[in-house]
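Welcome to my notebook. I open the structure below and jot down what I look up, one topic at a time.

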Amino acid sequence: MELHLNRVDYIQVGVTSQKTMRLLPALGKKATQKVAIADHDGILTCFGMKKGEAVPVFKTLPGQKIARMDLGGAAGTPQEKIFVCSGSQVRGFTKKGKQFLTFEANLTENVNAMHVSGADLFVCASYIYNHYCDCKDQDYYLSGDKINDITCLSSENLSRLVPVLACQDRVLRVLQGSELAYDIEVPGPPSVLELYNRDIGEEVLYGTTDGKIGLVQIGEDSAVTKWEIDNDKTKGGILCIDTYDIVGDGVNDILVGRDDGTVEVYGFDSTNEPALRFDHVLSESVTSIQGGCVGKESYDEVLTATYTGWVTGLTTEPQKAEAGPGDEVKMSKETQSKVEGLRAELEQLQVKVLQGREQYQQTSQSSTAVSAVPVFSVNDKFTLCQDDASYSLTLEVQTAIDNVLLQSDVPIDLLDVDRNSAVVSFSECDSEQPNGNFLLATYRCQANITRLELKVRSIEGQYGTLQAYITPRLQPKTCQVRQYQIKPLSLHQRTHSIDQDRPMNRLNLVGQFSFAEIHSWVVFCLPEVPEKTPARDSITFYFHNTFLGTQLEATYCKGEGYFKSDNISTISILSDVLSKEATKRKINLNISYDINDDSVSHTLKMIHPKLEYQLLLARKVQLIDALKELQVHEGNADFLIPEYRNILDESANLLEEYKKQPAHLERLYGMITDLFIDKFKFKGQNVKTKVSSLLEILNNYDLNSLLEFFQ
Amino acid sequence: MLVPIFTLKLNHKINPRMVTIGKFDGVHPCLTAATQAGKVFIHNPHARGQRPVAHRLSQSAQDSDISLLNINQAVMCLTAGTLGPNSTGDTLLVGSQTNLLAYDVHDNADIFYREVTDGANAIVLGKLGDIPSPLAIIGGNCALQGFDYAGNDHFWTVTGDNVRSLVLCDFTGDGKNELLVGSEDFDIRVFKEDELVSEMTENETVTSLCHMHGSRFGYALANGTVGVYDRTARYWRIKSKNHAMSIHAFDLNADGVVELITGWSNGKIDARSDRTGEVIFKDNFSSSVAGVVEGDYRLDGQKQLICTSTEGEVRGYLPASKDLKGNLMDSSAEQDLVRELSQRRQNLLLELRNYEENAKGVSETNSGMGVIPANTQLQTALSVKPATETQKAHVELSISTPNETIIRAVLIFAEGIFEGESHVVHPSAQNLSGCVRVPIVPPKDIPVDLHIKAFVGGKTSTQFHVFEITRQLPRFSMYDVTVDSSAALPTGRVTFSINDRPQRVVMWLNQNFLLPEGVESPDVTFNSLRGGGLLSFSMASNGQITLRTDDIDLAGDLVQSLAVFLAIEDLSAEADFPTYFEELRTTLTEVDEFHSVHQKLTAAMADHSNYIRNMLVQAEDARLMGDLTTMKKRYRELYDLNRDLINEYKIRSNNHNALLACLKSVNQAIQRAGRLRVGKPKNQVISACRDAIKSNNVNALFRIMRAGTASS
């Protein structure tokens, strides 16, 4: 079924957070719905569309940044009360804009997720979950990792309200009162939860920061995963989900908004599997999404809000091509008045800005005045992509970006991203002291680019900081610096369990250190570990290496730490960094190793299929051009052996594959070399001189000769 | 939205920039492009399979519409058009590294096949100046050559570096075509026949040029820049991270004015307004664009824009019909307008908020904000620093704040002096201070605008004020004024007379050199920091100026710069550069040697090929007679011979490359001698030098270079 949606822009408000726009329930049968949206300026705006123009219903005064919005109301009545949270405060507004509730949650941290259901209010602030009923404290829970979102199920089958927390450590936590009922493992860090059916039901949709979507059915003491959608095309992470029957086939479709600006509609086919029906790319993160009817009666639409505060509809209303008699495209009256209004407003603003500029200039004459430009909002994300084991950095600013300076004090590779149109320029670096720069690159952006996407490849064992200086096109010109840690084991990712049968190397630490200290060292070494020290005596984390598939288990408590991995290099890096960190704090560490010689050949065997595949691919790609030339020369390819003909037939695929993973082979070689050096390091031998003969073997690769060389 | 009216998959790779359309039978347009293995393919969908297969031409086995032309050499450039006076169809011209072939596709016959020692990197066909017959003009290593129908060369001149792009257009507006030449020394030069009338300096190799309309033309550079010039003034330019593969002028929106169509290395095609550079249409190919041409490919009387990709995909676009009203893109114009206005409003609001918050004063708690005193102003200074033990000679740009604020980082955007387009200085956290010194080593003597962005704030700030300053680096910045006159004066010199006051010359000196105090008299001596020795400048009371330097390029640059400053139209000069001339003399003898070696090798090769023929016959005879031992022996010999041939080929190609390098330096010498003069004397020198080289009169050549004229 084809779905055509046309884009309509409604209004622009300030910068918005995730899930801060909702449609109020329709009053009559056919009437259009009102939209409530809250932004970082603390303004809650409610508007409706009249003749193509946004007419505000109410607008609150500016205040603290609003992080979430939800709708609520007494059970059985229309859910049309608007709840917003800013700081640690929750406020309630009626649909007319009258504030009827101010509730101070008395949390030390800011509320970042909220759910309202009847008289029940659920709020989460980083690790803390709180449940209030009629503003009275009910339940409390401290989560093991950051809470990204919360939702709450109520169903006839369930005896009570069931809150579900989306936690950064890749689990959904289902609570029972103040206790954890059970947790559900999901394939990525979940960023958003939504009920599949808002009124009743026990099915919850989740979206992850690495772009996956799934549906789970929550039961009393266990859950069932119904389906999952992978992120094959490496689109952005999920920021918002809604369900609405936009296709009009009687089944609720799933609307998805991603942080790379993609809006998707998934429908269900006859086998009840989700299938992509429609997608559209807006130029900035989609922070909220909902289906409904806003612009025109009886035309359904997908309403989205973006990071910079644009409220945009994708409507089923066909775009009329008004072909007037003149040469110019005739504008509809509504648009004309809209444009005129805007122009008038612009002129007024221009005058004000000129005055502002003059005053600002004048202050520069005074010797006592200071110049302090308010901090602009930057939406950034630095995540490890599992597919190609590289980091992707996205930067988003509310106005157009002028340029971005990237600086790094560790050797990293900056990769080209197709979607990114900015002109990159690498500057000469003085990697020696005193400045110690390994990367200095500027990105000069084209006009009207508010979002920049970069890809960075790191090397395990080399750690430091990557800094981005972002300068937007805004007077007076300022730039903001953002820092990103490149951790020693940067290519590792948290996982739920590991294969215990593999041959493992062990690293044991004993010393006079506290639980908090060893936890901070682990945070320093590995990504995706919560910064807060766990509220337990001991803890175990599992990781896997996204590039090689090797694994790591870290168990530690006060005074003791146990690490085991099938990759000897991982153990080597850990022991180096940990002893360095301990020395910094003058703590005496007793380090012991238990090296399993089988692990090296096991790791090599794990690398083997990857390496062999890459070598074959490289060889095939190398042949393509020559074979094509032969083909042209001879007129056809019939005389070639089938293997070569096969290469010719698949040349396009091969080239694409090859392009997708630049320097893959070099990275594999690098890791094998590390493995070799580390293996003998633990034996107390320095084999750096033998590396050249290792490379020779790799050039004429054969698994057995490699295994032999490692003996 | 505009969509292609036809799409073809040709199954042949297309070499970038080697695509043209020719009506070889006078009626049917054929897409012609160079492909792999030294072949040219001709796509002729209109006259299917009527070609005789002989000579160079062969039918493609895969596709009956395509015939292949065997060139047996790597094709460098090709074009098609009317060359002969009475030929019915277009002539196909194919240039390779050593030859130019004019070929009649219709009759399947060579028209001429000329050896061109300077190679053919670019080709253009058309009328130039007052020369009556159309010329095929090729640009090679520093040289330009024009051939007529009979293969006679009617036009020859030299240019500063290897030619990469050519176009004919009426630049001066006199109703006659001028030749525009883009070369690897970043210059676009305009030749009115063999007279150089204008020169525009860009900041990268000029890879493509195309005529728009009137005196307006488009250009593309190797660093991803495309833009439009009207005469010597640049209208607009944009830079992309991709490379422009091909540019073409075509009126896609049917408004009567052509747009600049650019095909990019990432497969994007865009059409930009010639006035503003605004994109009015874009489309995407799956692989890099190879060429953009136009032609009536459907034979319905309408010209189509035809775009080809390197993988052989072809798309044709008709100009937009009236009802699209110039709106070729998907989105609606009114939405865009509203969006743009809202965006502007939002920007103004944000700026206003900045001022308001600033006026309110600072909350003490937020130390990351980067509060600086409002009267902070950056001081910048440029100075020349001679080489020390630790550092090479450079121009130092020092930037400092007047108070306790620090400079977190400095970004300098400038064209042509850094590896990329920017240079960054980012001190480590321990070394932050209020003063940053940036060493700059401009590789060429060009005036450069340095766009400096300095991030100023406090030591722990996370937000910084950005100070934007533009400083100009004068043209001759790498020269340090010296007082030490003990060093030996250079032997090379140029002498010429001007009718201007010395004060004007002093003014020029102050503007074009980095002088700490400025000078009062036009008698100065500089030390070249690039290691070129001394440069001395003196002016006698009668207006005679003497420049002493051993660097003939520098002398030329100085003469040209001074002439522009003083608005001198014609300037003749006497020059002597003993060292350089000696080198040139050696080069000339080398050229002769290489030529004779070349001839010898060619003869040897002919011998060998005779051997091969004999040996092959003998070997086959032996095989037929069942004498396997002899056969094996013959074949072994053949194998040895083959190896010899390959070795010889290597020698030949080395010899050829050396010859090319020598020829290039000879061409450059002529160009350099010309640059010591301005206007008419300059052209006289160039043409006289050419004559001297043609007649192989080496002594006359040097006389001309010294005196500026042949007779004396």
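**Entry: what I am looking at**

I remind myself that this is a predicted model.

**Entry: chain B as a whole**

I began with the overall build of chain B. I found seven helices and 43 strands in chain B. I then asked what box the C-alpha atoms of chain B fill. Taken along the principal axes, the box is roughly 100 × 70 × 60 Å.

Next I looked up burial. Chain B has 712 residues, and 54% of them are buried. The accessible surface of chain B is about 30,800 Å², and carbon and sulfur atoms hold 48% of that area. I also checked the contacts in chain B between residues at least 6 apart in sequence, and 55% of these join residues at least 24 apart.

**Entry: two spans from the UniProt record**

I turned to the record for chain B. UniProt, in an unreviewed entry, gives residues 165-272 of chain B as "domain: Ciliary BBSome complex subunit 2 middle region". In the model, residues 165-272 of chain B are 64% strand and 0% helix, and I read 21 Å between the end C-alpha atoms.

The record also lists "domain: BBS2 GAE", again from an unreviewed entry, at residues 390-476 of chain B. For residues 390-476 of chain B I noted 53% strand and 0% helix, with the end C-alpha atoms 24 Å apart.

**Entry: the second largest pocket**

How much space lies in the second largest pocket? I wrote down about 1,300 Å³. Its lining has 42 residues, and those nearest the centre are Val19(B), Thr20(B), Thr79(B), Ile123(B) and His248(B). Several strands of chain B give two or more residues each to this lining, among them β2 (19-23), β7 (75-81), β11 (122-126) and β23 (244-250). I sorted the lining by class and got 23 nonpolar, 12 polar and seven charged residues.

**Entry: a helix in chain A**

I moved to helix α2 of chain A, residues 515-525. Which of its residues are buried? My list is Phe515(A), Ile518(A), His519(A), Trp521(A), Val522(A), Val523(A) and Cys525(A). The buried residues of α2(A) pack against another helix, α3 (568-584), and against strands including β40 (505-511), β41 (538-545) and β44 (589-594) of chain A.

**Entry: Thr16(A), buried in a loop**

I found Thr16(A) in the loop between β1 (6-12) and β2 (21-23) of chain A. Is Thr16(A) buried or exposed? Thr16(A) counts as buried because its relative accessible area is 2%, and the cut-off for buried is under 20%. Beyond its neighbours within four places in sequence, Thr16(A) is in contact with residues that include Ile37(A), Asp39(A), His40(A), Thr287(A) and Tyr307(A). I also noted Ile66(A), which is 50 residues away along the chain, with 8.0 Å between its C-alpha atom and that of Thr16(A).

**Entry: two partly exposed loop residues**

Gln79(A) lies in the loop between β6 (66-72) and β7 (81-86) of chain A. Its relative accessible area is 30%, so Gln79(A) is partly exposed. Setting aside residues up to four places away in sequence, I saw Gln79(A) touch Pro25(A), Leu71(A), Gly72(A), Gly73(A) and Ala74(A). Pro25(A) is 54 residues from Gln79(A) in sequence, yet their C-alpha atoms are 6.9 Å apart.

Gly219(A) sits in the loop between β20 (213-218) and β21 (223-229) of chain A. I logged Gly219(A) as partly exposed because its relative accessibility is 24%. Its C-alpha atom is 9.6 Å from that of Val174(A), 45 residues away along the chain.

Most residues other than glycine have a negative phi, and most peptide bonds are trans. I therefore looked for departures from that pattern.

- Asn272(A) has a positive phi of about 65°; I located Asn272(A) in the loop between β24 (262-268) and β25 (274-281) of chain A.
- Asn696(B) has a phi near 60°, also positive, and lies in the loop between α6 (680-694) and α7 (698-707) of chain B. With 53% relative accessibility, Asn696(B) is exposed.
- The peptide bond from Gln475(A) to Pro476(A) is cis, with omega near -20°. I placed Pro476(A) in the loop between β37 (464-472) and β38 (478-486) of chain A.

How values were computed
Residues are numbered from 1 along each chain as its sequence is written. Chains are lettered from A and ligands numbered from 1 in the order in which they are written. This is a predicted model: local features need pLDDT of at least 70, side-chain atom pairs count only at pLDDT 80 or more; totals for chains, interfaces and linings use all residues. Side-chain values use heavy atoms; hydrogens and water are left out. On a 1 Å grid over the protein atoms alone, a cavity is a set of points where a 1.4 Å probe fits but cannot get out, and a pocket is an open set with protein on both sides within 12 Å along at least five of seven lines; lining residues have an atom within 4 Å of a point. Grid points are joined across faces, edges and corners, and a volume is the space filled by probe spheres set on the points. Helices (H or I, at least four residues) and strands (E, at least two) are DSSP runs, numbered from the N terminus. Ala, Val, Leu, Ile, Met, Phe, Trp, Tyr, Cys and Pro count as nonpolar, Asp, Glu, Lys and Arg as charged, and the others, Gly among them, as polar. Buried means under 20% relative accessible area, exposed over 50%, partly exposed in between (1.4 Å probe, protein chains only). Contact means heavy atoms within 4.5 Å. Accessible areas come from the Shrake-Rupley method with a 1.4 Å probe; for residues, only the protein chains shown count as cover. UniProt positions are given in the numbering used here, feature names are shortened, and annotations may be inferred rather than shown by experiment.
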